[in-house]
Amino acid sequence: MPAYKLTYFNVRGRGELIRLLFAAGEIPYEDVRIESDNWPELKPKTPMGQVPILEVDGEVICQSMAIARFVAREAGLLGKTHLDQARADMLLDGGIDVGKLFEEMVMEKDASKKAEKKKEFGEKTLPPFLALYEGFAGDNGYFVGYSLTWSDIAFFNMMDFITAEFPSALDGYCNLTKVIKIVKRVPGIAKWLKERPITDN
Amino acid sequence: MPAYKLTYFNARGRAEPIRLLFAAAGIKYEDARIEGADWPALKPKTPMGYLPILEVDGTTLCESTAIARFVAKRAGLVGKDDLQQAKADMIVDGMKDILKKLILMVLEKDEIKKEELKTDISEKTLPEFLSKYENLANPSGFFVGDSLSWVDVTFYNLIERVRAMFPGDHLKGKPNLVKVMANVKANPGIAKWVKERPESAF
């Protein structure tokens, strides 16, 4: 049984999808959270000067999506066929731009710019994205095929961040609401959501 | 044998890594290139409103990296085990940032801003990126394991794009990366494709 060591800051951020996937697969791992003060020393030891990193079998993997895909595979949540897997990849990649815009809005320090960005996101960016993804989610509550894959969990994670700012975002989206419900009920995830450290983002 | 139909504009752009992978593996596919005028009619029929798309086994995929990874799997060019595949993913993903900067620079209309972005890329971003990637490639000229994978092909395509915008010997003093480029060019399917592919502006 390989030892997995995940290193990231003490935030959900780009590490949380990985943690959710470990939880869903009930795979034990070391969840290392570093202080910003310790980062300059660690940075040159990482493959590309960034975290999260995953240490496994003497290798260091960076790039949060590459790590997430690896853990999803270990957890049996990648998708059954190559085509299913490609579909999951496509749905994940399709959400990245929206995720980035949301991040930019949250990180905006200027209060009036932030309000502007929030309005733009809530009125222009989010609705077409959710409408599109409502169509992608099956009415059984899965994005790919007829069983849970990491694309469902990734969507849950993204909406976990977004609904903190837009609580009623998923109102009226039946399929997407089902996806969220199913993910929350996965035993490993239900446990993690109860126990995980509370962080601002 | 499934039929593959790749649809994109008449350009290398985001489709070229996919075409190179089909070529490397010797997999036949329909290389559909549409005119700009035909795009508005096609757009609503695509999964997310953009190209490239790949039609296969009665389904349509979008997102160029997702398609490339899928073709690489079918071609046996992803890496031998899950750890190699993760390394491959990581190295491919790491190329996205510099590609984004290149595209932003190309699209910048303000001449002064454009020059600033160009200088930033050629003096800072590109050298840093190439240093990192020299360390990620092995002395045999492969990024993952000891044989050609989709990472090498994707890297080759990126450098070709960079060279088109920033002429110069960027790989000087980077023997591992020079070998990667040579390994990709030496693949018979890729060598043939590069000779025969349609000319396009980008």
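Is E63(B) buried or exposed? Keep that in mind as you load the view; the tour comes back to this residue.

**Before you select anything**

This is a predicted model, in which local features need pLDDT of at least 70 and side-chain atom pairs count only at pLDDT 80 or more, while totals for chains, interfaces and linings use all residues. Residues are numbered from 1 along each chain as its sequence is written, chains are lettered from A and ligands numbered from 1 in the order in which they are written, and side-chain values use heavy atoms, with hydrogens and water left out.

**Stop 1: chain B as a whole**

Select chain B and colour it by secondary structure. You will find 9 helices and 4 strands, taken from DSSP runs (helices H or I, at least four residues; strands E, at least two) and numbered from the N terminus. Following the sequence, the order is β-α-β-α-β-β-α-α-α-α-α-α-α.

Along its principal axes, the C-alpha atoms of chain B fill a box of roughly 45 × 45 × 30 Å. Chain B has a radius of gyration of 17 Å, which agrees with the value near 17 Å for a compact globule of 202 residues; the radius is taken over C-alpha atoms, and the globule rule is 2.2 Å times the number of residues to the power 0.38.

Chain B exposes about 9700 Å² of accessible surface, 54% of it belonging to carbon and sulfur atoms (Shrake-Rupley method, 1.4 Å probe; for residues, only the protein chains shown count as cover). Of the 202 residues in chain B, 50% are buried; buried means under 20% relative accessible area, exposed over 50%, and partly exposed in between (1.4 Å probe, protein chains only).

**Stop 2: the nonpolar core**

Next, select L130(A), F143(A), I153(A), F155(A), Y133(B), F143(B) and F155(B), the residues with the most contacts inside the largest nonpolar core, which has 138 residues. Such a core is a set of buried Ala, Val, Leu, Ile, Met, Phe, Trp, Tyr and Cys residues joined through side-chain atoms within 4.5 Å. Helix α7 of chain A (residues 150-165) supplies the largest share of this core, 9 residues. In soluble globular proteins, nonpolar side chains tend to be buried together.

Zoom in on F143(A). Beyond its neighbours within four places in sequence, F143(A) is in contact (heavy atoms within 4.5 Å) with residues including R87(A), L91(A), Y133(A), F155(A) and V179(A).

**Stop 3: N175(A)**

Move to helix α8 of chain A (residues 174-185), where N175(A) sits. N175(A) counts as buried because its relative accessibility is 13%. Leaving aside neighbours within four places in sequence, its contacts are E134(A), A137(A), G138(A), D139(A) and G141(A).

**Stop 4: backbone details**

Most residues other than glycine have a negative phi, and most peptide bonds are trans. Here are some places to look for the opposite.

- Select V51(A) and P52(A): a cis peptide bond joins them, with omega about 15°. P52(A) lies in the loop between α2 (39-42) and β3 (53-56) of chain A.
- In chain B, a cis peptide bond joins L51(B) and P52(B), with omega about 5°.
- E26(A), not a glycine, has a positive phi of about 50°. With 58% relative accessibility, E26(A) counts as exposed.
- Finish at E63(B), in the loop between β4 (59-62) and α3 (64-75) of chain B. E63(B) has a positive phi of about 75°. As for the opening question, E63(B) is buried, with a relative accessible area of 15%.
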